[in-house]
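Hello,

Please find the structure below, handed over for you to look through. Some notes on what was found follow it.

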Amino acid sequence: MAPLRRSSTLRLTGLLCLSFLVFFSRGFASHDVVSEKSSGTIQEDSHSQANSTAHKKTFPVLSFNYEHVRTPFEISLWILLALFMKLGFHIIPTVSHIVPESCLLIFVGLLVGGIIKATGEQPPVLDSNLFFLYLLPPIILDAGYFLPMRSFTENIGTILMFAVVGTLWNVFFIGGMMYAVCQIDAAELAHVDLLSCLLFGSIISAVDPVSVLAVFEEIHINELLHILVFGESLLNDAVTVVLYHLFKEFAHEQTVTVTGAILGVISFFVVSLGGVMVGVIYGIVGAFTSRFTSYSRVIEPLFVFLYSYMAYLSAEIFHLSGIMSLIACGVIMRPYVEANISHKSYTTVKYFLKMWSSVSDTLIFIFLGVSTVAGPHTWNWTFVIFTVIFCLVSRVLGVIGLTAFINKFRIVKLTKKDQFIIAYGGLRGAIAFSLGFLLDNGEIKNLFLTAIITVIFFTVFVQGMTIRPLVELLAVKKKKESKESINEEIHTQFLDHLLTGIEDICGHYGHHHWKDKLNRFNKTYVKRWLIAGERSTEPQLISFYNKMELKQAMMMVESGSAAKLPTIVSTVSIRNVQTKGAPKPSRAISKSREEEIRRLLRANLQKTRQRLRSYSRYELLNDALEDNISEARFRKQREMERRMSHYLTVPANRQETPPVRKHDFKMQCINQYNTFLFHTGYHKVYTYDDSESPRGRASPSCADDVSELKETPEKPDQSSTPRANRDAELKPKEQDDQGDQLKVSRCLSDPGPNPEDDEDSTFLP
Amino acid sequence: MGSSSSSRNKIPNAQELMDQTGFSSAHLLRLYDRFECLDRDNKGYLSPDDFEAVGGLAMNPIGGRIIDAFFSSGQDTVDFSSFVWILAHFRPTDRNRNKEGTQQELPDSRTRKLKFAFQLYDLDRDGKISREELLQVLRAMLGLQVTEEQLQSIAERAIQEVDLDKDDAISFDEFKKSLEKVDIDTKMSIGFLK
């Protein structure tokens, strides 16, 4: 009952906020007039006061000046509205399961537009400038930066076919058919000529990345289909741009020349390849810049964003394809930048991109709704209905035809189910609307805009809502949630090498051959220039392994905080995990010495444990149990530490944890964690030293011990505090790892440790 | 047309090979041409030197293993049918045909592909990839750029991830399981061998 009531009150609050926001913004708009008048009167007053010195001017304690902040204020209000809506939909669970978010947002936009119109004001329209320059780039950058390169490159042929040939087919089919429709006298559309129809076709046929992302993201379809539809929506931008400008020119001049057509074809290549080149140039410059950003980590994310945005804008200057430029920039920049920037910067980039694209996406759909209400509309039943029909028909025909052709060249063929989803996923969106908006004013423009909006609504509402049940019905393969696995990575690389070898034997220059060549080129020439320091020679497997270990370490940190202990959020900078000079000599310890050290430490530990037994009354009762558990835990913890110790480094010049934490921890330990604290206290001996080379410390943990023993007198403050806390984190994580949040209290009463861990019999006294 | 049928006659056991491996005659012909091209001295069989003469294999970290895979135990020659048989593992899986239920599993099925890859790891053929074998592979792939300890920790982790029966080695089933998310049919297929 309670949650229902809560959700309904939230809904009410949401509605109230919404209406409040709208009226607020409206109210302020009308206040302009008032404030102007009042400022006018104040001026008059001051004039008259200046003349008559007898009156004194009262100092305005509180004055009202809205004009000053009007634009940013209203923008912020709109964004706030968008965010509240987004929040609202996720709080109300039932609706968001059936209706995709984009539909709800358009609906809200309609509402808001209706309210604004009802109060007599002119609602704002989705200005094309605003859309193309501010709202679209974040979404594309987010998509491009996180594009799964493997599946993209594997299917690039198919994607290009759909994007280029598919879009061309759509344009001419729709344009031609609509012209045929316009010839019907009953439709009263005789004034729409062929070129205008083709122009209309070019606007309406492009699949829209924003809508595709919005809908496909929620249905979690398998990666192949996702990348096919999404890749198509990205790459067809070049075709759209060229055709749009081409037909606009022709429509303007009312003539089609052969040279014009040929120039159009050439311009297609120029636009697409030029766009990609601009992106690549900016990407390389960005990667190169990131090589030096270790001197100022805070601004690193900004470089990523700005270079990408500049790539987009630069491409737009020359009427090249901005979207392709943006994607190329993100794709090129990513591997090098990620190797160079700190972990925190990487997180920042990721979250900012997600945030901006999310806000943009929401705003776009809301504005679509508002613009629909704004009008002006010219509704022509024939035109609109036939547009919708032909869009669907041409999409289906195009997909079927192309798949039949493409399947001859594919290893994994596209099944009928795949084809259906691809055809059904051809959603239109805001790009079409904005392009339509850029047309010259006139009756045709309104006609087109109405039709475009109808198609968008149809695809987003009808197709967007029904695609999820259809996916379930057809039992289309869903996205497999894959946990990253070092095995997979090793074996995949192994298979890559194997396939390259077999291809060499067969004398066939296939996919693997070129990929191998590219990798080699990358390794020998490019990486050296674009990645700073040691990372440039790091093999991919090692980077992957490092990343995995880091993720695991961070997961452990976070789960440690769940056990109510003060933990450090050790967002580590991988960059700091670098060798300085020659670390090798210190690790060259002979076997016998190792054994000696091991024995020493073991003995010490046992002595401690014996001492512990007499320390507190609690221990006396449960020592036998505690020993087993703690030894097992000790062993496992050492294991984890060995791995974590590579990456949880505190850089020498920064102290991440205030010393006070250590004391807090001690306080807690007095209650319940006595034994463990002492264990962790002695654990200090086993953790490794930050300043040493962190590379690869698997088996000779005693090497760690020795180096630690050597180092502790020199650097007690820096290393000990964070390490003690780290150990402290480890311990509760150990408890989590044991499976059941084994708290000590439970240990004391529950005789059941996990049997598998009791390997280390050597530690029994 | 005439020339191809006469060339087919050159190939020993052509029909048998086609049935067993699923290659078409055109493919078989191409492979035979390649076989003859590799076989520099026209011996009628291939020896390790012929393989080593292939350009890319020298740079390939597991080049040696691949060559050894062609030579079944003991022998140091590869005749054409063995050549084809090995390469048949890399045929793209024809899903439609497999549904009919062939009695003998064709070499291109997923399990057989994985088995082939597994045998490249497991050099001593004991049915398990031991830690040492894994380390050898890692050493070969990663070269001199990493330290021994890193290799050890990677091997350690890899084994820990999948080793369910705790024998400190990766059995074939564990190997298969770790690759269940990877689309082996696509990954281990060479397009032109369809």
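Between the chains

The model is predicted: local features need pLDDT of at least 70, side-chain atom pairs count only at pLDDT 80 or more, and totals for chains, interfaces and linings use all residues. Residues are numbered from 1 along each chain as its sequence is written, chains are lettered from A in the order in which they are written, and side-chain values use heavy atoms, with hydrogens and water left out.

The contact (heavy atoms within 4.5 Å) involves 57 residues of chain A and 55 residues of chain B. About 5000 Å² is buried between the two chains, 67% of it from carbon and sulfur atoms; buried area is the accessible area (1.4 Å probe) that two parts lose on being put together, summed over both. I411(A), F494(A) and I505(A) supply 15% of the area that chain A buries against chain B, more than any other three residues.

On the side of chain A that touches chain B, the classes are 19 nonpolar (Ala, Val, Leu, Ile, Met, Phe, Trp, Tyr, Cys and Pro), 21 charged (Asp, Glu, Lys and Arg) and 17 polar residues (the others, Gly among them). Helix α19(A) gives the largest share of that side, 20 residues; helices here are DSSP runs (H or I, at least four residues), numbered from the N terminus.

Regards

How values were computed:
Helix = DSSP H or I, 4+ residues; strand = E, 2+ residues; numbered from the N terminus.
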